[in-house]
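Visitor: Can you walk me through the charged pairs in this one? I'd like to go pair by pair.

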Amino acid sequence: MDILPAHIGIIMDGNGRWARMRGLPRIEGHRQGEESIMEAVRFCAERGIKALSLFAFSTENWERPPEEVRFLVNMSREVLRKRLEEFMKLGVRLRHLGRRDRIPEKILAWFDLAAAVTAENRGLNLNINFNYGGRREILDASLRAAESVRRGSLTPDVIDEGTLRGFFYAPDLPDMDLLIRTAGEMRISNFMLWHLAEAEIVVTPVLWPDFGRKDLEKALQEYRCRKYMEKSDYHPPAGAGSRNR
Ligand code: IPE
Ligand code: IPE
Ligand code: MG
């Protein structure tokens, strides 16, 4: 029996530390992280994972030094430009999740192009969370719901979780089953707060530029173990990760 998560999220962290350990500027860590991104995409596409959300740039990351911000913004376009053909071959459907404001027009154009070109693909749903904040997504959804109420196309008493979900950046996206964070921090850092509600969390000390297939395989194995224990009669001692519902 293979228990696969339908939706995996990754907080890709540790690029700066990777570079610092080598006496290199931080941007070299980001540059190196591109291959890890591609490996994760290939792995998930090959394994038949339905959705992968990659946290590439948070709403908080604008506070970083301007040259680092510039590099990260441009890198997102470069990855799309260089890798679009491979995404097509892999059957990946790509979407940008996050706010559009503050992202330069010429970068947004690439996000839009990649989304349009891959829209009919039926393989992995790849979400690039860029200028993304979990609270902001919930706020934006609430504002859009309020606007529908104002226009008269929605009445407040019928609003439930499903209704609100319909206003999210990607309404069809299922809950996140597995969250992976690299570089050891035990934080959510304002990632997909709504979708994370029931996720299993795997934190690895491996820095993002060093993260590869075997690390993903390990995270999946950990996920399988936890799900198996949840389903079986095995009750681990309190605090050992069981849900005890
Ligand atoms: C993650 O690596 C990449 C982004 C947040 C864009 P960091 O740049 O946060 O690396 P550390 O945490 O400083 O090592
Ligand atoms: C989270 O990493 C955001 C991304 C991976 C894009 P950060 O390095 O920005 O998060 P904090 O600052 O450690 O919480
Ligand atoms: Mg970090």
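Guide: Glu-85 is exposed, and so is Lys-89; exposed means over 50% relative accessible area, buried under 20%, and partly exposed in between (1.4 Å probe, protein chains only). Keep in mind that this is a predicted model, where local features need pLDDT of at least 70, side-chain atom pairs count only at pLDDT 80 or more, and totals for chains, interfaces and linings use all residues. Side-chain values use heavy atoms, with hydrogens and water left out, and residues are numbered from 1 along each chain as its sequence is written.

Visitor: Where do Glu-85 and Lys-89 lie?

Guide: Both are in helix α3 (residues 66-90), four residues apart, about one turn of the helix. Helices here are DSSP runs (H or I, at least four residues), numbered from the N terminus.

Visitor: How many salt bridges does the count come to?

Guide: 32 by this rule.

Visitor: New topic: which parts of the chain does the Arg-47 and Glu-217 pair link?

Guide: The side chains of Arg-47 and Glu-217 form a salt bridge at 2.5 Å, N to O. That pair links distant parts of the chain, with Arg-47 in helix α2 (residues 26-47) and Glu-217 in helix α7 (residues 213-231), 170 residues apart.

Visitor: And is Asp-13 buried or exposed?

Guide: Buried, at 17% relative accessible area. Arg-17 is partly exposed, at 27%, and the side chains of Asp-13 and Arg-17 meet in a salt bridge (3.2 Å, N to O).

Methods: Chains are lettered from A and ligands numbered from 1 in the order in which they are written. A salt bridge is a side-chain nitrogen of Lys or Arg within 4 Å of a carboxyl oxygen of Asp or Glu. Helices (H or I, at least four residues) and strands (E, at least two) are DSSP runs, numbered from the N terminus.
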